[in-house]
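Me: Could you help me see how the labels in a structure like this are decided? I'd like to ask about some charged residues.

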Amino acid sequence: MKLDFISIFPEFFEPLKLSLIGKARDKSIIEIGVHDLRDQAINVHRQVDDTPYGGGAGMVMMPEVWGKAIDKVITQESELIILTPAGQLFNQRMAEELSNSAHLIFACGRYEGIDDRVRQYYLNEGFKVREVSIGDYVLNGGEVAAIVIAEAVSRLIPGVLGNPESIVDESHSEDGYIEYPAFTKPAEWRGIKVPEVLLSGNHAEIAKWRKSAGESRANHNQ
Ligand code: ADE
């Protein structure tokens with residue numbers, strides 16, 4: 001899978017050299033491109049934003065600059081993801097869908113967002129385009145949101161996780177499913193004991209306990 005990130009802050013994507021994504025890149029399971037939007041600016045001031053038509057606070061990112069940047073990386077198999085708090089809420093189902101894609105382009109907007117004609121243009125040209133939000137709160141830009149999505153998606157790609165079993169029974173692997181709490185040694189820590197049943201070796205009882213502990217966790221979160 002290829003992931004391209006377009007942003008005025010390419011340094012944001014340095015952490016993608018670490019950990020499992022870093023290893024997946026070394027193994028060529030994932031290829032990552034980071035592109036500085038300002039390289040596509042159309043004037044000497046390297047300007048990427050301008051005042052909004054209709055007035056109001058903030059600045060809007062210019063369509064010419066975004067068009068040039070996206071044209072450089074987009075192909076027929078690309079899916080264009082525009083990060084915005086106004087987008088469709090990201091969840092594990094969307095992560096699964098996106099993990100089947102061969103190429104994701106993350107357009108990381110700042111300020112009041114990207115001129116909407118960018119979205120319209122690529123949609124009209126027949127490309128897959130989605131506006132995506134990672135939650136009902138506002139970030140300063142789409143970079144952190146793009147990294148969140150990239151991490152959730154890439155761990156679903158075969159070969160990225162050491163143990164493929166880990167994605168089977170985890171929280172959100174099915175709608176509403178929340179995983180049971182985990183314990184390791186020692187059996188008692190600061191006076192708190194690991195639930196007795198987990199030390200019993202009785203697999204049926206352990207499974208029963210885990211199911212109910214997961215359900216009560218799910219209820220607490222509501
Ligand atoms: N940009 C600003 N806030 C955002 C959010 N919640 N999700 C995605 N992109 C954003």
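Me: Why is arginine 46 called partly exposed?

Reply: Partly exposed is the class between buried (under 20% relative accessible area) and exposed (over 50%), using a 1.4 Å probe and protein chains only. Arginine 46 has a relative accessible area of 37%, so it is partly exposed. This is a predicted model: local features need pLDDT of at least 70, side-chain atom pairs count only at pLDDT 80 or more, and totals for chains, interfaces and linings use all residues. Residues are numbered from 1 along each chain as its sequence is written, and side-chain values use heavy atoms, leaving out hydrogens and water.

Me: How do you know whether aspartate 4 is buried or exposed?

Reply: Its relative accessible area is 0%, so aspartate 4 is buried. Its salt-bridge partner is lysine 2, with the closest N and O atoms 3.0 Å apart. Lysine 2 has 24% relative accessibility and therefore counts as partly exposed.

Me: Why does lysine 17 count as exposed?

Reply: Lysine 17 reaches 52% relative accessibility, so it counts as exposed. Its side chain meets that of glutamate 14 in a salt bridge, at 3.0 Å from N to O.

Me: How many salt bridges does the structure hold?

Reply: There are 13 salt bridges. Glu79, Glu97 and Arg130 are linked in a network of them.

Key
A salt bridge is a side-chain nitrogen of Lys or Arg within 4 Å of a carboxyl oxygen of Asp or Glu.
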